[in-house]
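Open your viewer and get ready to select residues one stop at a time. Each stop says what to pick and what is there.

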Amino acid sequence: MDSLTNLTGSSNYFEDFAVGRRMRHARSATIDEVENNYLSKQVMNTAQSHWNEEIMAGSPLGDGRLVFGLITGSMTVGLASQDTAENALCELGLDAVRFKRPVHHGDTITAYTEVLDTAEDPERDDAGVVRFKHWGRNQHGDVVCEIERLVLIKRRSHWGPQ
């Protein structure tokens with residue numbers, strides 16, 4: 001067993017994820033202008049709704065520039081990761097990504113998760129595959145994004161404390 005195993009939680013091994021389990025994750029995060037500007041520029045997203053305050057004034061999407069959707073999705077997955085992927089061996093995929101409502105600078109995201117499925121991994125006996133549905137809500141309780149995520153997670157029987 002490696003020494004990093006001692007640093008992770010004790011209730012987020014493959015065996016701990018039962019289908020139907022729901023979680024509200026403890027931390028929330030406010031998305032600031034810095035995150036939106038930096039990442040939008042890094043990926044060359046030139047949509048005016050992310051860059052132009054004037055064009056968004058009085059917009060049906062709300063006043064102020066919109067946060068790039070992948071920032072909202074990344075924030076939601078990141079906030080869920082301590083509870084869902086601390087014992088992950090690898091991320092296998094993201095699917096069914098949906099952005100439900102606009103997010104603006106200053107909005108605070110809280111993440112929630114439901115376990116959709118668990119499965120044996122036919123290639124290894126020390127881990128299993130879990131499909132999660134994550135969703136982020138803003139400070140008003142509105143769902144702003146939904147994401148399904150497939151993760152290969154350590155089994156306690158092989159990696160957990162002895």
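Start with Cys145. Its relative accessibility is 0%, so Cys145 counts as buried. Remember as you go that this is a predicted model.

Now select Cys90. Is Cys90 buried or partly exposed? Cys90 has a relative accessible area of 32%, so it is partly exposed. The cut-off for buried is under 20%.

With cysteines on screen, think about bonds. A disulfide is a covalent bond between the sulfur atoms of two cysteines. How many disulfides are there here? The count comes to zero. The rule behind that count asks for two cysteine sulfur atoms within 2.5 Å.

Next, strand E2. Select residues 88–99 to show it. Leu94 sits in this strand. Color Leu94 and look at its surface. Leu94 is exposed, because its relative accessible area is 55% and exposed means over 50%.

Which element gives the largest share of the patch? Strand E2 does, with three residues.

Move on to helix H4, residues 69–84. Pick Gly69, which lies in this helix. Is Gly69 buried or exposed? Gly69 counts as buried, because its relative accessibility is 17%.

Draw a distance between their C-alpha atoms. Gly69 and Pro102 are 8.4 Å apart in space. Along the sequence, 33 residues separate Gly69 from Pro102.

Key
Residues are numbered from 1 along each chain as its sequence is written. This is a predicted model: local features need pLDDT of at least 70, side-chain atom pairs count only at pLDDT 80 or more; totals for chains, interfaces and linings use all residues. Side-chain values use heavy atoms; hydrogens and water are left out. Helices (H or I, at least four residues) and strands (E, at least two) are DSSP runs, numbered from the N terminus. Buried means under 20% relative accessible area, exposed over 50%, partly exposed in between (1.4 Å probe, protein chains only).
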